[in-house]
Amino acid sequence: MVKKVYAIKEGYDFEKNKKVENIIVNTWAECLKCVKGVKGAKYKSFKDTNSALEYLEGEDKLLKKSEGSYPKDCLHVYVDGSYNISTEMYSYALVAVKDDVVYYIESDAHCCEEGKNIRQISGELKAAVRGVQYAISKGEKRVVLFHDYEGVCQHALGLWERKEASSIKYYEEMNELMKNIEVIFVKVDSHTGDLFNELADEKCKEKLQIQSEKTVERWLINNEIKTASAEVKNEILKIASKGEKNIIVIDSAF
């Protein structure tokens with residue numbers, strides 16, 4: 001039998017009446033004592049201590065947009081994925097932004113070859129890879145990747161077990177790309193009104209002919225979106241046909 005260790009990110013020791021954080025124990029019995037009945041407990045088993053340490057240190061790399069602790073002076077790329085259960089197709093979209101100007105939008109749809117259980121995850125991972133590739137193509141040395149699926153970060157960093165072919169391929173592709181660029185992963189809560197995240201979501205739905213909530217179009221009633229080209233403006237107009245007057249094309253070199 002393979003010996004395991006157990007990393008506890010968050011738990012509680014009822015015997016000592018204290019919170020437990022970022023510890024490694026050697027047996028399931030020790031782990032169970034700190035996580036059984038504990039709401040929100042976070043823990044995982046590993047074959048070696050180094051992997052357990054990577055798991056415990058990994059959350060620092062998964063920032064949250066709501067906390068605001070991420071670089072503002074570099075390219076930001078918002079990524080998303082969607083799935084149409086009736087056609088069994090997935091879509092992906094990315095929105096590249098710098099200094100609040102939308103420079104690039106990309107979206108597409110494909111058959112879900114990896115399996116029906118993957119659904120929109122295929123799109124999420126595809127968008128992340130394409131987003132980093134775009135940043136590299138523009139000569140960027142650092143990019144902030146905004147995502148609402150946590151696996152975009154955890155699979156890229158090898159902190160989640162990779163069981164599906166799509167996550168294995170994604171890990172390999174991202175690690176090759178990350179040799180050439182620093183990627184900062186930032187979690188965005190989905191469907192909370194974040195403009196660029198909603199834009200990526202609606203571009204995904206457009207490709208699958210899924211009805212959206214028209215959040216971007218409603219936002220444009222009283223607000224502007226700055227774009228770097230007419231091409232990008234037209235991509236937004238495909239999902240926000242009533243917002244043309246508030247989509248502003250500016251002369252901004254990048």
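**Close-up views of a predicted model**

**View 1. The surroundings of L145 in the predicted model.** Leaving aside residues up to four places away in sequence, L145 touches V77, V79, A128, V132, V152, M174, V183, I184, F185 and V186. The structure shown here and in the following views is a predicted model.

View 2. In soluble globular proteins, nonpolar side chains tend to be buried together. Which members of the largest nonpolar core touch the most other members? Of its 27 residues, these are V77, L145, V152, Y170, M174 and F185. At least two residues of this core are supplied by each of the strands β5 (75–84), β6 (89–98), β7 (101–111), β8 (142–147) and β9 (182–187), and likewise by each of the helices α3 (121–137), α4 (151–156) and α5 (165–177). The largest share, 7 residues, comes from α3.

View 3. Strands of a sheet pair through backbone hydrogen bonds, either parallel or antiparallel. Here 3 strands form an open sheet in the order β2-β1-β3, and their pairing is antiparallel. The edge strands are β2 and β3, each of which pairs on one side only. From one strand to the next, the twist averages 10°. Because 7 of the 9 residues of β1 are buried, this strand is largely enclosed by the rest of the structure.

**View 4. The partners of β1 on either side.** The antiparallel pairing of β1 and β2 extends over 7 bridges, while 5 bridges join β1 to β3, again with the strands running antiparallel. A7, in turn, stands opposite I24 in β2. The hairpin of β1 and β2 has 4 residues between the strands, and in this hairpin N17 takes a positive phi near 55°.

**View 5. Helix α1 lying across the sheet.** Helix α1 lies across β1, β2 and β3, and it runs at about 25° to β1. An α-helix has 3.6 residues a turn, so residues three or four places apart point the same way. After α1 comes G37, whose phi is positive, near 75°.

View 6. Y83 lies in strand β5. Is this residue buried or exposed? Residues under 20% relative accessible area are called buried, and Y83, at 12% relative accessibility, therefore counts as buried. Y83 and K233 are 150 residues apart in sequence, and from C-alpha to C-alpha they are 25 Å apart in space.

Notes. Residues are numbered from 1 along each chain as its sequence is written. This is a predicted model: local features need pLDDT of at least 70, side-chain atom pairs count only at pLDDT 80 or more; totals for chains, interfaces and linings use all residues. Side-chain values use heavy atoms; hydrogens and water are left out. Two strands pair if DSSP finds at least two bridges between them. Axes are lines fitted to C-alpha atoms, for helices over the stretch in contact, and angles run from 0 to 180 degrees between N-to-C directions. Contact means heavy atoms within 4.5 Å. A nonpolar core is a set of buried Ala, Val, Leu, Ile, Met, Phe, Trp, Tyr and Cys residues joined through side-chain atoms within 4.5 Å. Buried means under 20% relative accessible area, exposed over 50%, partly exposed in between (1.4 Å probe, protein chains only).
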